[in-house]
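Thanks, everyone, for making the time this morning.

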Amino acid sequence: MKQVVQNYKSGELTVLDVPVPGCKPGGVLVRSAFSLISTGTELMKVSEAGMSMLGKARSRPDQVAKVMQSVATNGLPATYSKVMGKLDSYTPLGYSLCGVVEQVGSGIDDVKVGDLVACAGNEHALHAELNWVPKNLYSRVPDGLEPRHAAFGTVGSIAMQGVRQGEPQLGEVALVIGLGLIGQLVVQLLAASGVRVVGVDPDPARCELAERLGAEACGDPESAAVEAAVAELTGGHGVDQVYLAAGGASNQPVELAARLARDRGRVVDIGKCRLDLPWNAYYEKELDVRFSRSYGPGRYDPAYELEGRDYPIGYVRWTERRNLACFLDLLSRGSVDVEPLISHIADFDDAVETYRRLKDGDLKAVAVLFRYPGGDAGEAVTPAVAVPTVKRTGGATSTQTRAAGKPVRLAFVGAGNYATSMLLPHLAGREGVELSTVVTTTALSAANAQRKFGFTEATTDLDAVLDDRSIDAVFVVTRHSSHAELTQRALLAGKAVFVEKPLALTEDELAGVLAAVEKSGNDRLQVGFNRRFAPLLQEARQRFGARTGPASLRYLVNAGRLQHGSWYLQQGTEGSRFAGEGGHFIDTASWLLGADPVSVYAVATAGADDLQVVLRYPDGSTATISYVTTGAPGFPKETLDLVADGKVLRLDDFVRASVHGGKRWVSSRLPKARDKGQNAELAAFVKAVRTGGPMPVPLESLVATTAATLAVPAGLAAGVPVTLAGAR
């Protein structure tokens with residue numbers, strides 16, 4: 001299928017061929033009829049992409065701050081590689097469309113194949129021929145409503161949420177600053193609510209349009225006519241509400257709002273304008289400044305948007321989806337008219353030229369639509385037949401045999417940040433390795449990985465990979481909740497498997513993986529515990545030498561706070577943060593001590609933000625892992641001390657290591673980057689697959705580390721050490 005994408009590094013806009021997204025449970029596959037260009041938000045992104053690197057940095061100081069923090073934590077080379085990798089990727093455009101349901105996922109019963117729906121979301125309502133849309137981000141279009149009008153649903157919901165934040169009442173007077181697409185819709189919604197509206201915009205054509213759509217008066221922000229209209233309509237008191245629907249770097253909108261608002265009036269920010277509030281003006285009137293967050297309650301909440309968990313109507317009357325349905329209803333009843341806003345309708349194949357004309361100013365427009373094949377009639381191509389997922393309960397009794405001399409053919413399931421920054425760069429171009437297929441749930445991420453790393457194929461069809469006997473090994477680099485299931489399926493299909501940590505989030509999941517090993521006879525499994533492969537730590541261990549007595553090991557992990565919105569915070573589905581990361585540190589401790597733990601004791605601070613995990617080993621050795629989130633951001637992330645037999649091994653964040661004993665050894669120079677072992681780990685895995693030799697880490701050790709990680713929450717709950725069943 002085709003999709004409009006942009007490379008943020010080069011500014012290139014193109015219509016790209018990408019895989020068709022899969023129809024996952026909890027959503028529907030929609031074939032686009034019309035999609036709406038947001039002439040504000042999207043053109044801002046397009047303009048930013050055309051800037052120099054310095055210009056990009058100046059426009060996004062929030063991202064610059066994140067980069068600087070990453071430099072402090074991970075070092076300049078690793079951060080540079082990650083940032084350049086993200087910049088040099090295609091990103092999608094679009095977030096408001098109307099289309100026809102082509103396939104219905106399991107758990108969906110409110111629409112059927114052939115229904116016309118309006119869709120929302122900058123990850124799900126893209127300028128693409130097909131989109132997978134979760135339940136709470138689509139709404140059925142009322143009978144008789146034109147598809148091109150329904151395509152305004154998302155943008156209309158943004159305007160509606162802004163109006164709701166202003167709490168308008170019958171007979172009040174409102175000022176709308178900025179009469180672009182959002183501002184024009186705000187004017188109509190306010191007029192439909194019985195509010196008298198004054199509009200402000202420097203463009204006379206937009207002022208004239210707003211007056212035709214219900215505004216009492218409109219004018220230039222510098223015009224005395226605007227102040228005169230406000231004075232006449234309010235008896236000199238000032239407007240009850242001001243809606244900031246303007247963009248740009250000027251502070252004029254917030255200054256004008258203060259001047260024309262009444263005492264204790266409400267100022268609602270809907271757009272993205274400069275907000276240097278003049279303190280005296282806002283203080284003296286005690287103005288109530290409010291923000292409107294996109295389409296409404298539910299926005300940015302993964303449980304609502306992705307998992308389909310609705311908010312009870314008694315507590316949250318207007319959610320994203322209810323706003324969308326409400327706006328569509330207003331359109332169908334003629335209370336809001338979007339036809340006068342449509343400046344241009346372009347065929348989807350002309351998308352790149354349309355953006356160019358908008359950016360260059362050749363096309364003056366309030367709203368522009370892309371029309372897809374069949375869009376005028378609201379028809380779709382004949383729906384595809386839904387093929388049920390085959391549950392593989394049987395599989396190969398051993399891994400597939402490889403022809404000598406042929407390259408190891410790898411498939412990746414998942415192509416997120418970790419895969420593309422820490423794994424694939426070490427595999428792309430490696431002698432004796434062929435990157436065969438990349439599988440993702442979103443079409444564009446697969447296409448990006450194929451372009452950057454040279455995969456032969458990109459798809460959203462996992463079964464095709466598992467059924468392909470020419471593929472030797474499968475990398476599972478998805479979110480934590482899917483690791484165990486995907487690992488089981490790949491093992492049963494006879495593949496060697498490299499799965500990123502964690503292997504499992506529950507004891508049942510771990511048991512399922514072991515059952516798959518037993519059933520298939522396939523134990524070709526590696527978990528991404530890479531630190532034991534780090535060259536600096538390998539050398540330090542060799543310098544430390546053998547030990548005769550028990551050891552004490554201390555591992556401080558200065559993990560830091562998570563960014564708001566991180567999927568690591570989705571503990572209900574993705575497990576705790578320690579469940580996701582803790583295996584790294586337990587595996588490293590066990591490798592250094594040469595054994596698997598026999599018991600786990602864990603304590604935590606209030607709220608379980610900081611953990612102390614004490615591991616006991618068969619020879620009496622102990623390892624204490626301090627996993628903390630409240631430390632200083634500038635302090636190294638990982639420091640480790642191993643003490644035994646009158647010797648001390650110290651590791652400082654994979655930058656420097658030392659051994660103190662009869663002889664003192666200190667690593668000779670600072671490395672160019674923190675090498676945490678990914679390259680060596682991948683080399684060992686590929687060699688094992690190519691030669692048929694043993695996996696880099698014994699299966700028993702992988703299981704023991706996973707079991708110890710899973711024992712931490714049980715230990716926290718019980719308040720006593722947890723003995724690991726079967727530990728030796």
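This is a predicted model: local features need pLDDT of at least 70, side-chain atom pairs count only at pLDDT 80 or more; totals for chains, interfaces and linings use all residues.

In which hand of crossing, left-handed or right-handed, does α6 pass α7? The crossing of α6 past α7 is right-handed, where right-handed means that the near helix is turned clockwise from the far one by less than a right angle, and left-handed that it is turned anticlockwise.

Residues are numbered from 1 along each chain as its sequence is written, and side-chain values use heavy atoms, with hydrogens and water left out.

Helix α6 covers residues 153–166 and helix α7 residues 181–192, and the two pack at about 55° with their axes 9 Å apart; they are therefore oblique to each other, a class left over once angles under 35 degrees (roughly parallel), over 145 (roughly antiparallel) and 65 to 115 (roughly perpendicular) are set aside. The contact, meaning heavy atoms within 4.5 Å, involves V155, G156, I158, A159, M160 and V163 of α6, together with L181, I182, L185, V186, L189 and L190 of α7.

Turning to the other pair, helix α15 (residues 417–427) and helix α23 (residues 678–691) cross at roughly 60°, their axes coming within 9 Å. The crossing of α15 past α23 is right-handed, and its contact is formed by Y418, M422, L423, H426 and L427 of α15 with Q678, N679, L682 and V686 of α23.

Notes:
Axes are lines fitted to C-alpha atoms, for helices over the stretch in contact, and angles run from 0 to 180 degrees between N-to-C directions. Helices (H or I, at least four residues) and strands (E, at least two) are DSSP runs, numbered from the N terminus.
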